[in-house]
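Take a look before reading on.

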Amino acid sequence: MKPRTGRPERGLLELYRDDPERADALVWGRRGALRGAALAAMGAAVGAAIPFARRMPPGLVPAALAQPAASGSGGQPNLLRMEGKAPLVILGERPLVAETPEHMLDDEVTPADKFFIRNNGQIPEPFAGDPKSWTLRIEGEVNTPLALTLGEIEQRFPLVTRRLQMECGGNGRGFFSPETRGNQWGNGAISCAEWTGVRLRDLLQAAGLKESARFTGHYGADPHLSGDPNRPAISRGMRIEKALDEDTLVALRMNGQPIPHVHGAPVRLIVPGWPGSLSQKWLTRILIRATPHDGPGMGGTSYRVPVRPIVPGSRNDGRDFVDLESMPVRSILTNVAHGTRLPAGTRGLDVRGFAWAGDKTVRAVHLSVDYGATWQEARVAEPANRHAWQRWSGRVALPTDGYYEIWYRATDSDGRMQPHVAGNWNPQGYGANPISRIAVLVG
Amino acid sequence: MTLTRAVIASLVLAAVVLFGQKHGLWGVREAPAPPPPTPAALAFRRAQEEAAARAEAARAEAARLAAVTQPAETPEVLPPGEGREEVFGACTACHSTAIIRRSRFTRQQWDDLMDWMVEKQGMNPLDAEQRRRIVDYLAAAFPAASGSAGRRAPNPFLTD
């Protein structure tokens, strides 16, 4: 089938943009089968023949059209122009939020310039004092409340260096349908930097946890967006078990360097595998509590997911939800950008990326170029340490020229896979981890 | 006799000149070398220089961030419609318009969002008429996108 170009295709694209329901009806027909004129229309819409079209699931929007808005919404994406940062995709300027496209995450250790940015409040004034004089307080259900300077912390407690994945709790939100509140992330709110710091549990042991110590609450120096000085921008907390995990760090350095200001200088928490909002930046205080923390970002539908699945798009106050803790399994493809055009006659493509699964590990990654009809297994490396992401690599065959989608699906150590669609819809859009995919065009 | 006088006068003159030079009455006067700075003074100066460098770095970083986080937005960045000015005024008090422009909700969802903004995000409560105008505008300008293709990226392979 020869791809067509010109007016009709633009018409279909515009139709998809303006009236997706009608576009779906036109392209897929009432029975959802993609053949004949509909197939021609879809081929035209993606700009090429679709070799495995008969295996395309009914109703599926081609990846070429279906990437979340972060990859470029209605035109050119708004790119970050800031010294010390790569041109990340800006999702919002105030608060500053920027996503790292998957193909920019090919480094084994995420460099500071490619580290995604998520803020809930204003970015505080940079600390002009000696970083060693910054004070961190540990208070609440402890025998001896502590007020330690970073200089004292470095002297008194052993420093550890670990590669730790840190992911926004809303990563993948853009895959939910219907759309939910919040930043419409693709898969790019993920990082795996090398963090140096002291274990939070060492500080908690020095303070002496009381019998009643069950939860944490974290506070940072970033002002609330409204400027209200009595309102924290965000203040989340976790079960004490996670605070005592050997990989939960009070981090002082990122990739061997002082932490960049926008990433929480001079000290931040790193709570790997759990929603990034727990990894409080510009850290000033950790409150140990007997009851779950109640700061902004806790309770209701914030960082919480339904236990009993709710109707997508319905209203819910989140009273019966539970906190999102360990993040779900996910994979990214880092060496070929979505939308890459390959020379005619290309019959194979080496692909690689990373996969991770919160507190768990990744057991397998599978690849498909025929919409999931057949899968092949990729190689998956061991993590550099617990809570580090894992490199996967493989090669896919492309039997003809034309439009292909590369689907990549990770399976965690409990056997749970990335599902075909984002499930367990919730009003603020947490936990979307559908099978990842990019589109390439051969010829 | 004259010669003897001349010699004596020369010697006296030489003695006076040398004496004067030695005691700094004329000629090149060497400043007494200052005492070497104490280690404490050195440390103090270094600390001052470091503090000045940190303050300068902090100022520069704040300026860089301000350039990114304070976009020069005007109401025209939003699609035209009744209520646009109110929406721009109420919403951009706290956040830029990017999150508005990317959102697609039903009127009910936009309305609920106003409660959420007041309860969770510290927005000043809106009076009934203001709220109606704001929600009407948002629901008309950014209606819910049904299906999964409503706010999707342009096709990377169709460039004309």
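Q: How many residues lie between E4(A) and E5(A) in their hairpin?
A: This is a predicted model. In it, E4(A), residues 135-140, and E5(A), residues 146-149, run antiparallel and are joined by four bridges. Together they form a hairpin, and the number of residues between them is five.

Q: Which residue of E5(A) is the bridge partner of A:Leu136?
A: A:Leu136 sits on the buried face of E4(A), along with A:Ile138 and A:Gly140. Its bridge partner in E5(A) is A:Leu148.

Q: What pattern does chain B follow along the sequence?
A: Chain B has six helices and zero strands. Read in order, the pattern is α-α-α-α-α-α.

Q: Which element of chain B has the highest mean pLDDT?
A: Chain B averages a pLDDT of 86, and 89% of its residues score at least 70. Among its elements, helix H1 (residues 2-22) of chain B has the lowest mean, 80. The highest, 96, belongs to helix H6 (residues 128-141) of chain B.

Q: What distance separates the centres of domain 1 and domain 2 of chain B?
A: The domain assignment gives domain 1 as 37-70 and domain 2 as 75-141 in chain B. Taken over C-alpha atoms, their centres are separated by 41 Å.

How values were computed: Residues numbered from 1 in each chain as written. Chains lettered and ligands numbered in written order. Predicted model: local features only at pLDDT ≥ 70, side-chain atom pairs only at ≥ 80, totals over all residues. Domains from an automatic or database assignment. pLDDT = per-residue confidence, 0-100. Helix = DSSP H or I, 4+ residues; strand = E, 2+ residues; numbered from the N terminus. Buried ≥ 20, exposed ≤ 12 C-beta atoms within 10 Å, placed from the backbone. Pairing = 2+ DSSP bridges.
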